[in-house]
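Please read them alongside the coordinates.

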Amino acid sequence: MTTLIESEEHKSLREAVAAFAQTHPHTLNAEDNKRLWQEAAKLGYIGVNLPEAHGGGGAGITELALVLEELGAAGNPLLMMIVSPAICGTVISRFGTEEQKRDWLPSLADGTRLMAFGITEPDAGSNSHRITTTARRDAATGEWVLTGRKVFVSGVDIADATLIVGRTEDARTGKLKPCLFIVPRDAPGFERRPIDMELNAVERQFELTLDDVRLPADALVGDEDAGLLQLFAGLNPERVMTAAFGIGMGRYALSRALDYARERTVWKTPIGAHQAIAHPLAQAHIDLELARLMMQKAAHLYDAGDDVGAGEAANMAKYAAGEACVKAVDQAVHTLGGNGLTREYGLARLITASRVARIAPVSREMILNYVSHQTLGLPKSY
């Protein structure tokens, strides 16, 4: 029942975050966005999923997703919540050394530092098995040496380090195994180049080049032989949080459309009274609510330690939320007509932004592939 009916504690958290978010009008200004992040962190919202022993709230992805959804519903989605506390914070708290936990988790929780996440490569796309960024040990010094490229890495310019997915060579088999490394932003050979995006967002996207980046031995997170396990332990929260991002955005667009449909009068009748307007908005609301249920199921499974069950549910939640978000934004824009494309109403920018939930961090087509062969038992086409 916990995935169907929210506890009083969760209801109170939702109300508190919603009230906080409403006091911060949406802005595309980086400084205001940073201030929002820091104020949310002081209230314990950014690190709500991180361990209490290291300055966090001691809760889980369930609560962190709730926070992001409510921020998004107020028009203030913080994209880096998907990355810094959800992916990086989770991986470090589950697999990092005690020193890594002491070094990073308190500052990630209190908002004084951020961490980006680099996995996608130009030629690998959604296929993490084809990652070519390599890490080799320098036999003389014991250091790691990383070489490769990453693309579509969010917020590298505001992050203090990037958690990079590389591959080490297994001497026994000759195969390359995925491993995770903490790369400081000022590491020699670690270069970033902004990608010119049509997306109108505070958080910019970057291409990274790692040219013989030397890292100390303790830059490796977790076990060199458990890379895939550690990697997917971070990717499940990423999908849950992306669902929360999409649901929040969809709710924001829907709320703007509802306000307009109640007030806009044509032939002495509010346009919201007409079923041609009302029914599509009702359908958008239903789709968002259904996506939220799957998101909550995925989050609860993950927090309960069921990584396999969470993987299936998180992919489904991300798919459902992405579709619901795009439909809600499209219907909101159409409800406002020409006003839906004006800067005043703030919906036009969401036409592009809503596609993020469909495309990233994994495309809807790859999720359908996953469900086809993992859940339904159908043969692969690739």
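1. Phe 152 is partly exposed, with a relative accessible area of 47%; buried means under 20% relative accessible area, exposed over 50% and partly exposed in between, with a 1.4 Å probe and protein chains only. Phe 152 belongs to strand β3 (residues 144-154). Its phi is positive, about 55 degrees, although Phe 152 is not a glycine.

2. Asp 212 also has a positive phi, near 50 degrees, in a residue other than glycine. Asp 212 lies in strand β7 (residues 205-215) and counts as partly exposed at 42% relative accessibility.

3. On provenance: this is a predicted model, in which local features need pLDDT of at least 70 and side-chain atom pairs count only at pLDDT 80 or more, while totals for chains, interfaces and linings use all residues. Residues are numbered from 1 along each chain as its sequence is written, and side-chain values use heavy atoms, with hydrogens and water left out.

4. A cis peptide bond joins Ala 360 and Pro 361, with omega about -5 degrees. Pro 361 is in the loop between α10 (356-359) and α11 (364-375).

5. The protein chain has eleven helices and ten strands; these are DSSP runs numbered from the N terminus, helices being H or I of at least four residues and strands E of at least two. The C-alpha trace spans about 80 × 50 × 45 Å along its principal axes. The radius of gyration, taken over C-alpha atoms, is 21 Å, which agrees with the value near 21 Å for a compact globule of 382 residues; the globule rule is 2.2 Å times the number of residues to the power 0.38.

6. Buried residues make up 49% of the 382 residues. Of the contacts (heavy atoms within 4.5 Å) with a separation of 6 or more, 70% are between residues 24 or more positions apart.

7. Met 115 is in strand β1 (residues 115-118) and is buried at 0% relative accessibility. Leaving aside residues up to four places away in sequence, Met 115 touches several residues, among them Met 80, Cys 88, Trp 104, Leu 163 and Ile 182.

8. How many disulfides does the count come to? The count is zero, a disulfide being a pair of cysteine sulfur atoms within 2.5 Å. The sulfur of Cys 179 is 16 Å from the closest cysteine sulfur, in Cys 88, which is too far for a bond. Cys 179 is buried, with a relative accessible area of 2%, and Cys 325 is buried at 0%.
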